[in-house]
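Thanks, everyone. Let me put the chain on the screen, and then we will talk about its disulfides.

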Amino acid sequence: MANVNPNLRLRGLLLWWRKWGKMDWAIAATGFSTIVFILTYLSRRLPLPLDPAATALTTDNLVGLTLLHNATDRGALCLDGSLPGYHFRKGFGSGSNSWLLHIEGGGWCNTIASCLERKSTALGSSKYMDHQVRFSGILSHQSSQNPDFFNWNKVKIRYCDGASFAGHPQHEFKNGTKLLFRGQLIWEALLDELLAIGLFNAKQALLSGCSAGGLATLIHCDDFRERLPKDATVKCLADAGFFLDEKDVLGNYTMRSFYQDVIQLQGVAKSLQKNCITRMDPYKCLFPQEIIKETRTPIFLVNPAYDFWQIQHIVVPDASDPQGYWKRCRMNLRYCNPSQMEILLGFRSSLIKALSDFQQKKEGGLFINSCFSHCQTWMAETWHSSTSPRINGKTIAESVGDWYFNRNMVKQIDCPYPCNPTCYNMDFT
């Protein structure tokens, strides 16, 4: 790392991003966005080469991969038939009976072709997963970085099914593709294994996830609550998982159409709330706006009002901008002209409107900042540090802690862009 210019590495990855976007943007959406985020941060903040102390700290944060032990017997397998995995770090001290689960993000696959592409990556096969991953931000064991949850048992759940852990084998194709749609089975088998190694004795628990993992958190939130002791404090946190059913700049419902394909391909409707799918088309029940209406377990929503993933794939997907009018704006908000900013402000207004009923729920929590970002809980720089994004002086970590431990009601909604100088705003140009 010391001999590689992060800006050159970032440029190469951005070219890779554009190529995948034309093939099928869903295959690597969130996984790549997190890579870009950290490289951007490194290029701006970290000295090169890394000093020995920083290297030692990085090594200490690495946590090994565990493959799900009973997955084969239960048929709980990744898209390619490999074993699902997770990373586990044992809690200590007062956190020994407290558990934090974090579900990895990474978009979805909505066609046979995109799922076949996906199964040759870490988002569809444990064969390609890193054997060790860094635990930082909400997963950190350092009190300075993670003041309220640092000593809890921590689990990072790897994502390898392509449907937010909600696919069903009845919808698998047996025509030679060898694709397995076992997301729901993976979720159930994983939870059983974690219960067996100590989760069953939890006094406190928080299910969290980023992007597609945030959506998975919302889908499975009540089930998570039901599987844990009745006297345990159980809550859920969705980070950048509040995807909107909005028209793009050409008037097309791109995300709606995409979710319809995911549901049809992987049989996701069976994992959605029964009351919802009896009232409306199942694709509507995959949008968080509907999920949170009937979820009984307390939820905290972390979301940037200018979510770059949603701007680039819901508001202005590639197909909606053939002349490149939005090219620079969708990569960096600084290059948006007044009419473009008006449209993006309308997208922010749609988010706030979609959350209007949720804001009235006493047990619910919100942190909606005005940043051009995506997932913000998994890195110290955005979760909790001296330079983290803040609303009313509070970091995301402080706000989530206040909510979880009932220290304060937390309904933090930022003013419109560019009002918040503490934001980390992505630059893809």
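Which hand does the link of cysteine 78 and cysteine 160 have? It is left-handed, with -75° about the S-S bond. The two sulfurs sit 2.1 Å apart, S to S. A disulfide here is a pair of cysteine sulfur atoms within 2.5 Å. By this rule the count comes to eight disulfides.

A word on the source. This is a predicted model, where local features need pLDDT of at least 70, side-chain atom pairs count only at pLDDT 80 or more, and totals for chains, interfaces and linings use all residues. Residues are numbered from 1 along each chain as its sequence is written, and side-chain values use heavy atoms, with hydrogens and water left out.

Back to the pairs. Cysteine 78 is buried, at 0% relative accessible area. Cysteine 160 is buried too, at 0%. Buried means under 20% relative accessible area, exposed over 50%, partly exposed in between (1.4 Å probe, protein chains only).

Next, cysteine 329 and cysteine 336. Their sulfur atoms are 1.9 Å apart. This link is right-handed, with 85° about the S-S bond. Cysteine 329 is buried at 2% relative accessibility, and cysteine 336 is buried at 12%.

Last, cysteine 415 and cysteine 419. A disulfide joins them, S to S 2.0 Å. It is right-handed, with 100° about the S-S bond. Are these cysteines buried or partly exposed? Cysteine 415 is partly exposed, at 37% relative accessible area. Cysteine 419 is partly exposed, at 31%.
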